[in-house]
Amino acid sequence: MHSIQLLSGYDMPIVGLGTWQAKPEEIETVVSTALECGYRHIDTAANYNNEDAIGRALKKWFDKGGTREELFITTKLPNFGNRPSDVEKFIKLSLKKLGLDYLDMYLIHMPFAFKCNENTCTAATNEDGSYILDFDTDPISVWKEMEKQVESGRTRSIGLSNFNEEQISKIWKNAQIKPSNLQVELHAYMQQTSIRELCKKYNIVVTGYSPLGSPAAKMHFQAKYNYTLNAFSDLLNHPIVKKIAAEHKKTTAQVLLRHLLQLDVVIIPKSSSPERIKSNIDLFDFSLTEENMEVLSTLDKVCTTFYVVNDAEVHRGVSSLPANEPDIAASNVDTWKSLKASLIWSSVAKGCNCILAKASEIRIIASSCRTVIVQEKIDILNEKLERECYGSGERSLPPGDLTDYPETKNLSKQKSMGANSAQKIKTSHKLKAQTSKIVSSFKTPSMNCTMQKEYMGHRDGVWEVSVGRLGQPIIATASADYTARIWAIDNSRCLLQYIGHNGSVNSVRFHPNRELALSASGDCSAHVWQAAVDWDMSKRVSSLEELPIASSERTIANNLISNNDEQDDPPTLRTPIRELLGHTNVVMAADWLSGAEQLVTASWDRTANLYDTETGEIIHTLCGHDQELTHVSTHHTQKLCVTSSRDNTFRLWDFRESIHSVSVFQGHTETVTSAVFTREDKIVSGSDDRSVKVWELRNIRSPLATIRGDSAANRLSVSSTGIVAIPHDNRQIRLFDLSGQRLARLPRTSRQGHRRMVCSVAWLEDSNVCNLFSCGFDRLVLGWSILPVKDA
């Protein structure tokens with residue numbers, strides 16, 4: 001049986017049997033037939049209500065001489081057991097029903113939770129039949145309990161199901177035992193490119209459920225929700241799929257399944273027909289051509305899917321929303337109108353985007369357009385609350401933040417509110433402060449912050465932005481879409497696209513003196529490549545330059561650019577000047593050492609390599625970190641570099657002498673995401689522990705200043721004048737000085753700012769247009785003007 005090795009060290013068969021919607025009376029026969037046909041991977045879930053029947057089929061197989069070690073059994077923690085106290089109870093219940101001593105894979109089925117009816121071990125409901133959502137559950141705490149199940153031997157591996165990129169990353173950062181598997185809906189109409197790339201970075205194996213688009217869902221939704229059949233695109237009978245099937249003399253189902261296998265996706269097709277069960281595993285006597293794969297990639301509809309949760313079952317496979325109502329489910333207009341009572345947004349349900357609850361059903365709608373609308377409303381409410389909190393007299397609103405709050409006209413009026421109103425707001429603010437546990441210090445701000453430019457074209461999240469050398473009005477970006485790009489600052493045009501990597505590009509830096517760039521990638525390599533650009537091209541006026549883009553239009557504009565060959569096809573470069581090899585895992589960052597005769601890389605293999613720039617040979621391998629490296633940065637004039645790691649430390653490496661030395665800085669309590677030098681020979685470090693610390697080079701014992709926030713800090717940057725720009729997971733960018741005093745927060749409204757995690761920022765000292773750049777997982781790169789109030 002063909003298999004793939006998991007991060008846990010165990011092998012997972014790449015073809016399994018899916019059992020959702022399998023009728024109880026036929027499931028025993030289906031599983032028995034699958035085992036006879038060579039299947040050794042069976043996927044089920046507590047929510048499917050068929051673990052008992054599968055257990056009986058497994059017992060029959062064991063009685064015939066089959067062994068437990070031959071099988072790979074996956075089941076899932078139900079959403080009504082999605083809390084730390086219930087994990088052990090439900091895994092034991094699943095083991096009992098399946099008749100097994102251990103599982104091969106145990107997944108958290110959903111990133112949200114229902115209350116549990118302790119008498120029936122099912123989802124608790126209100127009197128009107130609606131499920132009771134549990135907003136107190138914490139996925140990270142649940143994951144800690146999942147880890148205990150591995151330690152106890154109840155399961156060999158653990159993973160996630162239906163989690164989005166942000167949630168996966170959050171679990172990953174806080175996990176001792178990493179997720180080995182992610183199970184999501186995945187088929188030709190929904191190819192999940194970005195989430196597959198993230199999982200590739202993390203070495204998480206992706207399993208695709210409904211790999212054929214779940215044709216059985218058609219009749220289910222027609223019967224239960226009055227959908228018309230034309231609301232469901234027929235993937236199996238698509239002309240492109242039929243043509244490829246004829247070419248290879250295979251069924252359309254086999255073509256679709258083989259397509260996913262060649263994308264390195266584990267598949268779990270479901271069927272009750274013995275013939276189809278057999279043909280669904282008969283996939284290894286042919287391969288799709290590169291041309292076949294490219295054509296099938298064009299079928300991807302990206303985000304046209306949704307899930308429906310009803311009666312504690314998860315109904316999947318709808319590949320498009322009903323055609324007669326593009327914005328909402330056709331049969332539930334009234335449900336949508338009852339938004340006021342049922343629209344819920346919380347950190348628990350963030351991966352579902354929005355949860356609509358009414359009567360006996362919860363509809364989870366994953367439309368990106370609706371997500372933007374909901375998020376905008378939330379932003380407005382959050383900012384209104386924050387304004388009221390400041391106005392109540394709890395603390396003064398920093399003047400530099402007035403740009404963020406254009407509606408704030410007269411704070412003195414708010415301060416003079418009646419006692420009752422003020423007291424209510426004070427109470428609300430105290431509760432909010434207690435919950436977030438934020439410790440911030442303020443001084444009178446003097447910065448005016450405005451967004452000036454958008455650089456759009458990347459097809460996936462952008463991990464890093466860096467600036468050109470003095471006098472060159474260009475920036476470079478590194479993206480999970482496998483490319484690095486160089487942009488003209490003035491008109492937002494892409495001047496060059498580098499496509500030489502075979503994995504996510506995690507970092508990009510310009511050479512300090514020559515027209516070269518250095519990139520680091522998930523393909524375990526770093527590349528040096530020619531960064532010469534056509535300056536005449538940079539002077540052309542972009543078709544989108546200076547056009548006012550409303551928030552509802554920005555997503556459309558994004559897609560237009562992404563699907564329109566990137567603004568008239570920018571020049572493309574594929575071949576590097578130098579390929580730097582030697583790492584055995586993802587290379588997260590790379591930078592030029594002072595003088596650029598040498599360069600340094602940081603990798604998930606827990607080492608940093610020092611290379612000779614001209615020969616590409618490794619001069620030193622820098623060891624010592626106990627966990628994966630996350631970042632590397634070099635000093636602007638001296639042969640010093642600093643490496644950051646998941647081991648909660650960063651290390652200062654000194655190459656000024658023939659024998660290098662190292663100093664270890666401890667002080668953070670979670671992953672150090674970046675550490676950079678300042679012009680004053682200090683080091684500023686950021687961490688997932690929500691703090692940023694300022695250090696003296698010669699004092700590794702205690703920081704000079706600590707800046708605390710309410711979200712993890714990512715790849716930060718320090719200006720020549722000592723302003724620290726901090727990008728956060730919560731989409732914020734904040735500015736502080738080196739003493740820890742807050743200067744400003746960049747605007748974040750429906751028309752300005754990032755909509756997802758901000759990954760990196762970079763200062764540029766000599767530009768009249770923008771002097772700060774940011775990039776994020778929303779695929780956007782933004783240019784900002786940060787000026788003292790007197791110069792604004």
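Modeller: Four strands make up an open sheet, in the order 23-24-25-27, with antiparallel pairing. Strands here are DSSP runs of E, at least two residues long, while helices are runs of H or I of at least four residues; both are numbered from the N terminus. Two strands count as paired if DSSP finds at least two bridges between them. The edges are strand 23 (505–510) and strand 27 (578–580). Each has a single partner strand, so one side of each lacks a neighbour in the sheet. From one strand to the next, the twist averages 20 degrees. Angles are taken between N-to-C directions and run from 0 to 180 degrees; the axes are lines fitted to C-alpha atoms, for helices over the stretch in contact.

This is a predicted model: local features need pLDDT of at least 70 and side-chain atom pairs pLDDT 80 or more, while totals for chains, interfaces and linings use all residues. Residues are numbered from 1 along each chain as its sequence is written, and side-chain values use heavy atoms, with hydrogens and water left out.

Five bridges join strand 23 to strand 24 (residues 516–521), and the two run antiparallel. Phe510 has Ala517 of strand 24 as its bridge partner. In the model, residues 498–530 are 55% strand and 0% helix, with end C-alpha atoms 9 Å apart. For residues 665–699, the end C-alpha atoms also lie 9 Å apart. That span is 57% strand and 0% helix.

Strand 23 also has a charged link. Asp591 forms a salt bridge with Arg509, the closest N and O atoms being 2.9 Å apart. The term means a side-chain nitrogen of Lys or Arg within 4 Å of a carboxyl oxygen of Asp or Glu. Asp591 sits in strand 28 (residues 587–592) and Arg509 in strand 23, so the pair ties together parts 82 residues apart in sequence. Asp591 is buried, at 9% relative accessible area. Arg509 is buried too, at 12%. Buried means under 20% relative accessible area, exposed over 50%, and partly exposed in between, with a 1.4 Å probe and protein chains only.

Other salt bridges follow. The search of the whole structure finds 25. Glu464 and Arg715 meet in one of them, at 2.8 Å, N to O. This pair links distant parts of the chain, 251 residues apart. Glu464 is in strand 19 (residues 462–467), and Arg715 is in the loop between strand 39 (705–708) and strand 40 (717–718). Both Glu464 and Arg715 are buried.

A local case is Lys148 with Glu145, at 3.0 Å, N to O. Both lie in helix 4 (residues 139–152), three residues apart, about one turn of the helix. Lys148 is partly exposed, at 44% relative accessible area. Glu145 counts as buried, at 17%. There is also a network of salt bridges that links Arg83, Asp86, Lys89, Lys115, Glu118 and Asp134.
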